[in-house]
Amino acid sequence: MPMLIANYQKKQTVESLKQAYSLLQQAYEFAQQDYGSIEYWNYKSMSNVAIRDTFFLPYFKSASVPKSTYKYNTPNWPIWSDGMKNGYIFPADAVSSCLQTPQNYLYCFRNLYNGHVIINIDINGIQKGPNRVARDIFMVGFNSDYGNRIEFEGIVTYQHCNKTSGNGNACGLKIQRDGWRIKDDYPWRSGR
């Protein structure tokens, strides 16, 4: 019975991730129609909220900005080395840079450095667990150096998504490259 439950959870994770990624790609395509390709976007010095409000929020159907009453594991950002084991760590201001869709997908935008924008996708919303990287939180990024596209983090390799080490930030890429499946070598952990 536990194997059946795990297989069902894996399938749900993949389907939700695939849909959440597709919605993000659609919003990105619409933004390019209005602003041109990403190399012409003036986003490198923009705040997280400005990136969300300018390039993404208007292009998600019925999306909203979440209320600031969400509870996070800790106010520190980030803790990549422990992301898969102990839950995802959100910044204290994370909710201010997120948008939420009617499907309960949460997209949080972080302009980290030199115009490298990370978009954390929580495929079941922050209030529902386990809120762990590689389980229900996946990372996508864009930068004009990537070309005109949004990509899962770990573009070159997904060494950060395996059972023995890694921080989980490339697990979305692994699922995508494995044909939108979670294979046996995926670092899936049952339970919350």
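Predicted model: local features only at pLDDT ≥ 70, side-chain atom pairs only at ≥ 80, totals over all residues.
**Entry 1, the count.** I looked up the salt bridges first. The count comes to 3 salt bridges. Side chains of opposite charge can pair when their charged atoms come close.

Asp178 pairs with Lys174, and their closest N and O atoms are 3.0 Å apart. I noted both Asp178 and Lys174 as buried. Asp185 also forms a salt bridge with Lys174, where the closest N and O atoms are 3.0 Å apart. This pair links distant parts of the chain, with Lys174 in helix α4 and Asp185 in the segment after α4 (171-177), 11 residues apart.

I then checked the accessibility values. Lys174 has 2% relative accessibility, so I logged Lys174 as buried, the cut-off being under 20%. Asp185 has a relative accessible area of 42%, so I logged Asp185 as partly exposed.

I looked up Arg52 next. Arg52 forms a salt bridge with Asp53, and the closest N and O atoms lie 2.7 Å apart. Is Arg52 buried or exposed? I read a relative accessible area of 4% for Arg52, so Arg52 is buried. For Asp53 I read 33% relative accessibility, which means that Asp53 counts as partly exposed.

Key
Residues numbered from 1 in each chain as written. Heavy atoms only, no water. Salt bridge = Lys/Arg side-chain N within 4 Å of Asp/Glu carboxyl O. Buried < 20%, exposed > 50% of the residue type's maximum accessible area, 1.4 Å probe, protein only. Helix = DSSP H or I, 4+ residues; strand = E, 2+ residues; numbered from the N terminus.
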